[in-house]
Amino acid sequence: MSALTFQETVLALKKYWSDRGCIIQEPYDVEVGAGTMAPETFLRVLGPDPYRVAYVQPSRRPADGRYGENPNRLYKHQQLQVILKPSPADVIDLYLGSLQAIGIDLGKHDIKFEEDNWEAPTLGAWGIGWQVMLDGMEISQFTYFQQCGGFDLDLIPAELTYGLERIVAFLQNVDSVYDIVWAPGFLYRDVRLKDEQQFSKYNFELADVEMLWQLFDLQEKECQRLTKITGVVLPAYDQVLKCSHIFNLLDSRGAISVTERVGVIGRVRRLALGVAKAWMEELAGKSEAAA
Amino acid sequence: MSLPFLLEIGTEEIPDWMIVPALNQLQDMFQALLDQNALRGRVTEVDATPRRLVLRADGLLDRQADVEELILGPAKSAGAGAAGGFARKMGTTPDQLGTQTTAKGEYFAFAKRTQGQATAAVLARELPPLILKIQWPKSMVWKGKGTERFIRPIRWLVALLGDEVVPFEIGGVKSGNTTRGHRVLGKASIPVTIATFSQALTVNGVILSADERRERIECGIKAWRAKPDPDLLHTLVYITEFPTPILGDFDPSYLELPHEVLVTVMRHHQKYLSVEDADGKLAPHFIAVMNTEADPEGLVRQGNERVLRARFNDARFFWDQDQKKRLADRVEDLKTVTFQAKLGSYYDKTQRLVRLVSDLVRDKHAQRAALLCKCDLTTDMVKEFTDLQGIVGGLYARAQGESEEVAIAIYDHYKPLSMDGDLPRSQAGRLVSWADKWDTLVECFKIGMSPTGSKDPFGLRRAAQGVVRLIVEGQVPFRFEFVDGSLREFMRDRVEYYFRDVRGFAYDEVRACMAVFWDDLVLLQDRLQWLRGVRPTPDFEPIAASFKRIKNILKQASFPNAAVVSVDLLEPGPERDLHTEMDSTFGEPLESRIGSLRPRIDLFFDKVLVNAPDPNIRRNRLALLNRLLQEFSSTADFSEIVTER
């Protein structure tokens, strides 16, 4: 079997998880640094309701941009994010099955689970898990969430995050992500190189620092205002994501001094914790109404 | 009847470095369980892979022995009514009671028999809490809030006593007789008995014995000239159930990169062993250890080579990028690198380091190195390979035309990395290393971040240990005279620990010398060596005992230090003789004075009453003793020496 294209890989994984009871969601349409930050993960893992979801999430990390010149580093990469809540007892077997579904013959490769715990201080979230190594390459992050938004989780979800570029580069045996075949006749470079070049230039050189600070302040206020109102947790959370992305932009512009840094992270964290609290209260209210 | 026992705790992959300590706990706790419950039996074997902790025991009773216990009731004189009540309480009838005569008289008594429990029942009750009691550095829940905690989810349990399953349940997993093989090489469900367990694992791709796994790796790499690395080997043994080493290559052109970088990439990022050529130089190969049986099509080797190529390319890219801005031009950039949230940036730290070094000595290399030593924190190379901080700075300094002295000082300034690790090679390196560590200590104590108990997030104990070694062994001319408060106490502890536990001086000798003066550690070392030399001489212990006595006498008398001995008041005989001897030996080395004074002191205490009725004479005698004590206390406080008397 010849290696799958980028999009075939995505489709195969979506099909695989769809067949195992996952809702297939589309990417969240606000800039995020990781699939974890999309509300489908951050908010859905909270509370007592089971949930299974899979989606591709373009993840933007302005400081990781390399103007399209580094073969492995990207400002925006694609994660396939799977949440299985609660985590089933055969979760690792399910995961290994997904690798087979994209053409990895486990009998011919070396797979290892190496300790790698995950923590996102700005989200008040952490988990226990591994990086999954295939022939010496990290292809996924596997995490049992323990806390999110500062809350101990009622049901422990398993989060599987596939680094799609890495996996497909591996399957297609190419040394640069830009040489990945995205679709027949189209390489990754054809689809994405311009983003990398232009956004690297913007993120590192052009983004207006003054304006970003203003936006940060405005969106922070908006979030605080919305958190106090019942029934608008989701719009409030969007403001958290925007603040978080602005923070990342300011960081890549080198605009955040040491003393400011801790403070700004704290501001984002407070917003995230506030939203998580509001979400939990909303859930509690619903269960009271039902009872 | 005597039975064998087998326990297998099946889990998802446990971090390699936690496995051995957990096994040790399991062994100790299970043996204690057997002993406390009088089940006989010994733990015969514990072993583990990342997915299973296994314990075997042998010689267990199939049930506890019955126990007969004589319980005393009311005195016989209390009569039949009391006997009836006692019998009811014992669950029996009065005719079953006997009597027992004690020193206080005759009592009703009952021989209570407790039936021993079946061993399987005891184990079924005790095993779940025992297993969950294993302490892990960081445990987790895998079902939900408030459920069982373990290091990783428990997925199966094998518990066999003889031929029978010991039935219990942890987190919804029931114990049984079914194990699991290697994720790829073995079956997912394998029924076993105690006798077939080992064989079943072997044919299902699991080498249970860590020793065997290590042997398999060592055997496989024998011909490849691997650079010895016991720590990495240990890791590889405990991240695999069926380890198989393979040899891969990389393009020799990467050998142009600093070998420190190549080895770090291979070791820390990829867990590869490095390979040396016949001359002991780094060769363009690596050894990866797979968790599977073979690599028939070479796919695993190709995959690993590809990953390493990408990593080395990154390193080369970082090296080239980083050269575009010299270290000297990066000092300002340190303003954006946090040293510690409350302590500001590495720029601030750098300013302090330069000052500390300049205040101590005039050494332009050390000053230059202090200014540049943290600049590599802003380079891509160190951001990616943090273990190489310092080393990268040193390499860059050399490449950018800084003097060799400066380059070496920067390269070495994190040393010593451990208690017995090497000190920096040059004096400039030792000065910068000292300044770096001392600054961290001073600043952290300033904001109250001192280590407490086992918590020492900033590694202050290690920093302090480094400071002590740099002063004593590295000729850094720093003294603790202006250090006070809790930092002084902390350093005092570390100094005491160093001389006692690292250098092997007796604890009372360390105390005796430190009680006098410890600000200058080099002097302290000299005095300790002197004391160690003089201690075995025959007069030493008696004189130390006398000094203890003198100190007590002076203390009880609340004697003022400043009093002067009046020769006229000295009584002829032992008192005057002692004084004369003191005068005539004054200024001689202590070790010779000890010999000449000891008999005089003994005679003085034999014949002279310090507490003389005449207050003037008494005061004079105290003054004499005080002078004696003072003259001998410049090196060590002898009263701290533990003597047999």
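Author: The C-alpha centres of domain 4 of chain B and domain 5 of chain B lie 44 Å apart. Please keep in mind that this is a predicted model, in which local features need pLDDT of at least 70 and side-chain atom pairs count only at pLDDT 80 or more, while totals for chains, interfaces and linings use all residues. Residues are numbered from 1 along each chain as its sequence is written, with chains lettered from A and ligands numbered from 1 in the order in which they are written.

Domain 4 of chain B covers 327-529 and domain 5 of chain B covers 537-640; these bounds come from an automatic or database domain assignment. Seven residues of domain 4 of chain B are in contact with seven residues of domain 5 of chain B, where contact places two C-beta atoms, built from the backbone, within 7 Å. On the domain 4 side, helix H17 (residues 507-516) of chain B gives the largest share, six residues. Helices (H or I, at least four residues) and strands (E, at least two) are DSSP runs, numbered from the N terminus. That side of domain 4 of chain B divides into four nonpolar, no polar and three charged residues. Here Ala, Val, Leu, Ile, Met, Phe, Trp, Tyr, Cys and Pro count as nonpolar, Asp, Glu, Lys and Arg as charged, and the others, Gly among them, as polar.

Now for the meeting of the chains: 37 residues of chain B are in contact with 36 residues of chain A. Strand E7 (140-141), strand E17 (282-290), helix H8 (299-322) and strand E19 (344-345) of chain B each give two or more residues to this side of chain B. The largest share, 11 residues, comes from H8(B). The side of chain B that touches chain A holds 15 nonpolar, 11 polar and 11 charged residues.

The largest nonpolar core has 231 residues, of which Val275(A), Ala369(B), Ala370(B) and Val432(B) touch the most other members. Such a core is a set of buried Ala, Val, Leu, Ile, Met, Phe, Trp, Tyr and Cys residues joined through C-beta atoms within 7 Å, and buried means that 20 or more other C-beta atoms lie within 10 Å of a residue's own. Helix H7 (residues 233-252) of chain A gives the most to this core, 10 residues. Leaving out residues up to four places away in sequence, Ala369(B) touches Val406(B), Ala409(B), Ile410(B), His413(B), Ala428(B) and Val432(B). Phe86(B), Leu97(B), Tyr107(B) and Phe108(B) are among the five residues of a second, separate core.

Technical notes. Buried ≥ 20, exposed ≤ 12 C-beta atoms within 10 Å, placed from the backbone.
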